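Subject: Structure for you to look at

Hello,

Here is the structure I said I would pass on. Please open it next to this message and follow along.

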Amino acid sequence: QVHLVESGGGSVQAGGSLRLSCVVSGDTSKVNWLGWFRRAPGKEREGVAAIAQIGSSRYYGHFVQGRFAISQDSAENTVFLQMDSLSPDDTAMYYCAASSTRYMTPIEALGREHARRWYGWGQGTQVTVSS
């Protein structure tokens, strides 16, 4: 099993930035991807970004539009999400998760059917963006 703990959320004004962190512990030997997801009140969870552990492929949700960047520090078993140019539409609880799937397309990783490919969901960190 893996255990993921998110941090770095907070309240910012529109146009501001936040950097989320997710520390991964436990049996990471089968982890091939790490990803960030979010759920806004009254909405379904959606994929934000994913990064492969081998090759470092990166995928982003369509709404990111160059504003976010996923990265990782393998030595520290930590994955980051740098979020810039935040808008009130980005207000949500942000979660990180792991996947053992060897290869995923962007749709498979972050699309509406993503849930069955991810596990180890953390408790989430709240991001609130005011206008």
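Strand 5, residues 46–52, is mostly covered, with 6 of its 7 residues buried. Please keep in mind that this is a predicted model. Strand 5 has neighbours on both sides: 6 bridges join it to strand 4 in the antiparallel sense, and 3 bridges join it to strand 6, again antiparallel. To find these pairings on screen, look for W33 opposite A52 in strand 5, and for A50, whose bridge partner in strand 6 is Y59.

In the hairpin of strand 5 and strand 6, 5 residues lie between the strands, and G55 takes a positive phi near 90°.

Strand 9 (residues 92–99) pairs with strand 4 in the antiparallel sense over 7 bridges. Two of the residue pairs to look up are R39 with M93 and W36 with C96. Strand 9 is also joined to strand 10 by 3 bridges, and these two strands run antiparallel. In that pairing, A92 stands opposite V127 in strand 10. Strand 9 is mostly covered too: 7 of its 8 residues are buried.

S21 has its place in strand 3, residues 18–26. Is S21 buried or exposed? With a relative accessible area of 18%, S21 is buried, because the cut-off for buried is under 20%. Leaving aside residues up to four places away in sequence, S21 touches V5, E6, S7, W36, T78, V79 and F80.

Aromatic rings

The structure holds 3 aromatic pairs. One of them is F37 with W121, an edge-to-face pair at 4.9 Å centre to centre and 65° between the planes. This pair links distant parts of the chain: F37 is in strand 4 (residues 33–39), while W121 is in the loop between helix 1 (106–110) and strand 10 (125–130), 84 residues apart. F37 is buried, at a relative accessible area of 0%, whereas W121 is partly exposed at 27%. Ring pairs link F37, W118 and W121 into a cluster.

Two arginines also sit over rings. The charged end of R45 is over the ring of W121, 3.8 Å from its centre. The charged end of R38 is over the ring of F63, 3.9 Å from its centre.

Salt bridges

How many salt bridges does a search of the whole structure find? It finds 4. R38 is buried at 6% relative accessibility, while E46 is partly exposed, with a relative accessible area of 29%.

Another salt bridge is formed by R112 and E44, with the closest N and O atoms 3.5 Å apart. R112 is in the loop between helix 1 and strand 10 and E44 is in the loop between strand 4 and strand 5, so distant parts of the chain are linked, 68 residues apart. Both partners are exposed, R112 at a relative accessible area of 72% and E44 at 54%.

D90 and R67 form a salt bridge as well, the closest N and O atoms being 2.6 Å apart. D90 lies in the loop between strand 8 (78–83) and strand 9, and R67 in the loop between strand 6 and strand 7 (68–73), so the pair ties together parts that are 23 residues apart in sequence. Here D90 is buried, with a relative accessible area of 1%, and R67 counts as buried at 18%. Salt bridges that share partners join R38, E46, R67 and D90 into one network.

Regards

Conventions:
Residues numbered from 1 in each chain as written. Predicted model: local features only at pLDDT ≥ 70, side-chain atom pairs only at ≥ 80, totals over all residues. Heavy atoms only, no water. Phe/Tyr/Trp six-rings, centres within 6.5 Å; stacked < 30°, edge-to-face > 60°. Helix = DSSP H or I, 4+ residues; strand = E, 2+ residues; numbered from the N terminus. Buried < 20%, exposed > 50% of the residue type's maximum accessible area, 1.4 Å probe, protein only. Lys NZ or Arg CZ within 6 Å of the ring centre and 35° of its normal. Pairing = 2+ DSSP bridges. Contact = heavy atoms within 4.5 Å. Salt bridge = Lys/Arg side-chain N within 4 Å of Asp/Glu carboxyl O.
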